[in-house]
Amino acid sequence: MKKEQVLFFIILILSFAAGSVSAQVIQPFRDSRIHEIHGFVKFKSGDIYGAIEEYTKAIKSNPKDALAYYNRANAKFALRDTKGSMEDYNRSIELNPAYAYAYYNRGVIKSEAGDKRGAYEDYNKAIELNSKDADMYYNRGVVVSSVGDKKSAIENYTKAIELRPTDADAYYNRGNSEADMGKTPDALSDYTKAIELNIKYTAAYINRGIIYAAYRKYDKALDDYNKAIELNPGYAEEYFNRGNAKFMLGDKKGASDDYKKTLELTPDNANVYINFGIMKNADGDKQGAMADYAKAIEIDPKNADVFYNRGNIYYELGDKQNAYADYTRTLELNPKHRKAFVNRGLAKNAAGDKKGAIEDFTSALELVPNNTDALNYRGNARYDMGNIKGAIADFNKALEINPNDYKAHFNLGIVKHSSNDNPGAIIEFTEAIGLNPKFTDAYYNRGIIKAASNDKQGALADFNFAISLNPKNADVYINRGNAKYALKDKQGSIDDFTKAIELNPSLAVAYFNRGSINSSLGKKEEACSDLKKAKELGYDKADDLIKTNCK
């Protein structure tokens with residue numbers, strides 16, 4: 001979910017010279033002061049050009065009148081004559097290097113022109129001369145935040161708040177910097193305070209909603225987005241974020257309506273098409289999702305997320321080549337996209353490129369060292385390459401990070417079983433089941449080991465539970481059929497092999513096993529049919545029994 005951009009409220013101080021200010025600058029010419037007063041009156045009445053004319057007359061009367069230059073600079077700035085105002089602020093500072101507001105206002109102009117370093121230096125000088133003005137700290141915070149120094153930005157906004165505790169903008173911008181640093185509880189508190197101080201603060205509602213959504217408090221996020229839309233119904237970001245909240249709350253129609261409204265306000269919004277694609281994919285409409293992703297790419301061909309999402313669909317459809325291409329494009333656009341590294345690693349692994357898969361999983365771990373999924377995937381790839389020690393190290397590391405990682409226990413069980421440590425494997429599978437009682441594969445694999453260890457009843461119990469969790473796995477029926485046969489339940493065994501064939505008609509071993517039992521029961525015709533089918537499917541062990549039963 002995209003976060004609201006920081007809204008910077010730059011304040012230009014207009015400190016005009018009226019009678020009470022005369023002590024700040026010695027004025028040798030009475031006419032200069034009269035023209036300044038006239039300039040002040042004209043500015044206040046909206047006659048900016050007339051004000052500039054009066055300040056110019058004041059300067060002619062007294063070319064060393066720093067305040068006249070300062071006030072004329074303010075008037076020029078009001079007309080967006082930044083070049084002229086900059087020249088006047090420079091001259092004012094030359095004549096009076098101790099005037100804090102001249103530095104401050106010049107800093108505002110430099111900041112708007114992109115000269116962040118120059119603005120920062122001017123704000124520093126202004127604060128050195130006047131350390132009690134909240135706006136100076138506030139704007140210095142804006143500048144350092146814009147160059148990425150969020151820590152300093154927070155310090156400056158905090159100082160501004162100390163000097164002016166009712167400054168909603170300072171709380172809001174401090175919240176933005178805190179959010180950027182991952183200090184979401186602090187950001188949430190500051191957005192809430194900004195709203196307390198200004199109940200019509202649209203941007204604060206939006207950003208607080210984003211924090212709530214990050215905490216999966218979608219109902220609260222929805223309330224904030226609703227309020228933001230009530231305050232400002234023409235802002236696309238509000239509808240987009242509200243659509244996201246509605247989607248997560250299961251209101252797909254409401255989400256779709258909000259995304260459509262977003263497109264009305266911003267027709268070339270690629271993120272909306274991405275989200276439409278996500279919704280369609282969730283509903284099983286992969287072709288519709290692909291069409292939406294194509295539209296998003298047309299609008300924004302440098303959007304990494306759209307390639308990532310499209311790559312996921314290609315992967316789900318079994319098109320590993322195109323999935324690989326999209327994940328690669330994602331990483332070209334965003335080299336720090338850890339999920340793209342993980343998924344490209346899976347695509348490489350599926351294509352048999354174990355070494356390349358390990359490289360991608362390692363890259364993901366360099367970005368996020370505590371990514372247990374990447375550790376498990378890399379461990380599996382290492383295991384496939386015969387690096388048992390490396391695989392065990394990855395699985396143990398995953399458990400060190402998350403002791404409740406049932407997948408790591410399961411993977412350790414596989415490794416231990418392959419190393420003939422069946423008791424150790426059973427312990428790991430049992431741990432996995434304890435952490436996830438619905439983990440079908442753990443029951444299935446534990447059942448296989450129990451069967452091999454002659455624990456027939458234990459094996460049968462595990463296969464029964466695996467089938468109760470997933471009645472569509474033909475392999476489990478085959479193994480349960482074997483367990484029943486070992487317990488002399490031949491009819492039960494035949495029933496399981498029949499079910500396996502129903503689920504997977506090309507499973508040769510199921511035909512062979514059922515044929516073998518029918519042969520032992522003297523049912524040669526049934527046995528012959530099954531054994532021939534097993535042979536047809538490539539099961540050569542059926543040859544001897546075919547000779548016996550098919551005469």
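Asp 300 sits in the loop between α16 (286–299) and α17 (304–316). Helices (H or I, at least four residues) are DSSP runs, numbered from the N terminus. The model is predicted: local features need pLDDT of at least 70, side-chain atom pairs count only at pLDDT 80 or more, and totals for chains, interfaces and linings use all residues. Residues are numbered from 1 along each chain as its sequence is written, and side-chain values use heavy atoms, with hydrogens and water left out.

Buried means under 20% relative accessible area, exposed over 50%, and partly exposed in between (1.4 Å probe, protein chains only). Ala 270 is 30 residues away from Asp 300 along the chain, yet their C-alpha atoms are separated by 6.1 Å.

Asp 326 belongs to helix α18 (residues 320–333). At 4% relative accessibility, Asp 326 counts as buried. Contact means heavy atoms within 4.5 Å. Neighbours within four places in sequence aside, Asp 326 touches Phe 307, Arg 310, Gly 311 and Tyr 314.

Two helix pairs come next. Two packed helices are described by the angle between their axes and the distance between the axes. Axes are lines fitted to C-alpha atoms, for helices over the stretch in contact, and angles run from 0 to 180 degrees between N-to-C directions.

| Helix pair | Angle | Axis distance |
|---|---|---|
| α11 (residues 202–214) and α13 (residues 236–248) | about 25 degrees | 11 Å |
| α21 (residues 372–384) and α23 (residues 406–418) | roughly 10 degrees | within 10 Å |

Angles under 35 degrees count as roughly parallel, over 145 as roughly antiparallel, 65 to 115 as roughly perpendicular and the rest as oblique. So α11 and α13 are roughly parallel to each other. Likewise, α21 and α23 are roughly parallel to each other.

Which residues join α21 to α23? Asn 376, Asn 380 and Tyr 383 of α21 make the contact with Lys 407, Ala 408, Asn 411, Ile 414, Val 415 and Ser 418 of α23. For α11 and α13, Thr 202, Ile 206 and Ile 210 in α11 meet Glu 237, Glu 238 and Asn 241 in α13.

Helix α30 (residues 524–536) has 13 residues. From first C-alpha to last, α30 reaches 18 Å, close to the 18 Å expected at 1.5 Å a residue. That expected span is 1.5 Å times one less than the number of residues. Ala 527, Cys 528, Asp 530, Leu 531 and Ala 534 are buried in α30. The buried residues of α30 pack against α29 (508–520) and α31 (543–549). Just after α30, Gly 538 has a positive phi of about 100 degrees.

Conventions: Helix = DSSP H or I, 4+ residues; strand = E, 2+ residues; numbered from the N terminus.
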